[in-house]
Amino acid sequence: MQTVEELYQLILQRKSNPEKGSYTDYLFTKGLDKILKKVGEESTEVIVAAKNPSDDEFVYEVSDLVYHVLVLMADRGISVDDIKTELAKREGLMSKTQERREIDKL
Ligand SMILES: N=c1c2ncn([C@@H]3O[C@H](COP(=O)(O)OP(=O)(O)OP(=O)(O)O)[C@@H](O)[C@H]3O)c2ncn1[C@@H]1O[C@H](COP(=O)(O)O)[C@@H](O)[C@H]1O
């Protein structure tokens, strides 16, 4: 099974070593506007799938979106670790917000 980080590393490999027939290579060759268009389309597909009862369809569309967002991150030079670091910062911030809400309730 491929983790998100492994997929990101594979995408980076495609960026540095273009491979014939690779869809990832096709996206990098087309450039940022094409990648952004795909992220937009896939986001819409996630929204549509979320309104339908099929979990399989929803999982499929979220996976498409995750892949295209990872390609966008690789294009911008942003790593999975950058996202983890940002999320870790929020952990502290969010618990402070929670604390404030609890105090406000008193
Ligand atoms: N996870 C994915 C993945 N998810 C979605 N897609 C591709 O995203 C495209 C989305 O489908 P669409 O119908 O919206 O787009 P399309 O009509 O094929 O293409 P466009 O002309 O719209 O760009 C499909 O071609 C899918 O194959 C992916 N392509 C690759 N990966 C991963 O990337 C790895 C490397 O793939 P290659 O770069 O192709 O070697 C693979 O092993 C996979 O793990």
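**Glu41 is a partly exposed residue, at 28% relative accessibility.** Residues count as buried under 20% relative accessible area, as exposed over 50% and as partly exposed in between (1.4 Å probe, protein chains only). Please keep in mind that this is a predicted model, in which local features need pLDDT of at least 70 and side-chain atom pairs count only at pLDDT 80 or more, while totals for chains, interfaces and linings use all residues. Residues are numbered from 1 along each chain as its sequence is written, and side-chain values use heavy atoms, leaving out hydrogens and water. Glu41 pairs with Lys38 in a salt bridge whose closest N and O atoms are 3.1 Å apart; the term stands for a side-chain nitrogen of Lys or Arg within 4 Å of a carboxyl oxygen of Asp or Glu. Because they are three residues apart in helix H3, Glu41 and Lys38 are separated by about one helical turn. Helices here are DSSP runs of H or I with at least four residues (strands are E runs of at least two), numbered from the N terminus.

**Lys38 also has a partner in Glu42.** Follow the side chain of Lys38 to Glu42 and you reach another salt bridge, with the closest N and O atoms 4.0 Å apart. These two residues sit four apart in helix H3, about one turn of the helix. Both ends of this pair are buried: Lys38 has a relative accessible area of 14%, and Glu42 one of 5%. Stepping back, Lys37, Lys38, Glu41 and Glu42 join up in a network of salt bridges.

**Lys84 and Glu5 form a salt bridge between distant parts of the chain.** The N to O distance in this pair is 2.2 Å. In general, side chains of opposite charge can pair when their charged atoms come close. The salt bridges in the model number eight.

**Helices H3 and H4 pack against each other.** The axes of H3 (residues 32–51) and H4 (residues 55–76) come within 9 Å and cross at roughly 160°. Axes are lines fitted to C-alpha atoms, for helices over the stretch in contact, with angles running from 0 to 180 degrees between N-to-C directions. H3 and H4 are therefore roughly antiparallel; the scale calls angles under 35 degrees roughly parallel, over 145 roughly antiparallel, 65 to 115 roughly perpendicular and the rest oblique. Their crossing is left-handed, meaning that the near helix is turned anticlockwise from the far one by less than a right angle, whereas clockwise would be right-handed. Residues in the contact include Leu36, Val39 and Val46 of H3 and Phe58, Leu65 and Val69 of H4, where contact means heavy atoms within 4.5 Å. By class, the contact of H3 with H4 holds 13 nonpolar, two polar and seven charged residues. Here Ala, Val, Leu, Ile, Met, Phe, Trp, Tyr, Cys and Pro are nonpolar, Asp, Glu, Lys and Arg are charged, and the others, Gly among them, are polar.

**Helix H2 meets H4 at an angle of about 50°.** The axes of H2 (residues 23–30) and H4 lie 11 Å apart. H2 and H4 are therefore oblique to each other, and their crossing is right-handed. From H2, the residues Tyr23, Thr24, Leu27 and Phe28 touch Tyr67, His68, Val71, Ala74 and Asp75 of H4. This contact of H2 with H4 has six nonpolar residues, two polar and one charged.

**H2 also packs on H3, with an axis distance of 5 Å.** The angle between H2 and H3 is about 120°, so the two helices are oblique. Tyr23, Tyr26, Leu27, Phe28 and Lys30 in H2 face Leu32, Lys34, Ile35 and Lys38 in H3 across the contact. The contact of H2 with H3 has six nonpolar, no polar and three charged residues.

**Ile35 and Thr44 are both found in helix H3.** Ile35 is buried, with a relative accessible area of 0%. Leaving aside residues up to four places away in sequence, Ile35 touches Leu27, Phe28, His68, Val71, Leu72 and Asp75. Thr44, by contrast, counts as partly exposed at 45% relative accessibility. For scale, the C-alpha atoms of Thr44 and Asp82, 38 residues apart along the chain, are separated by 25 Å.
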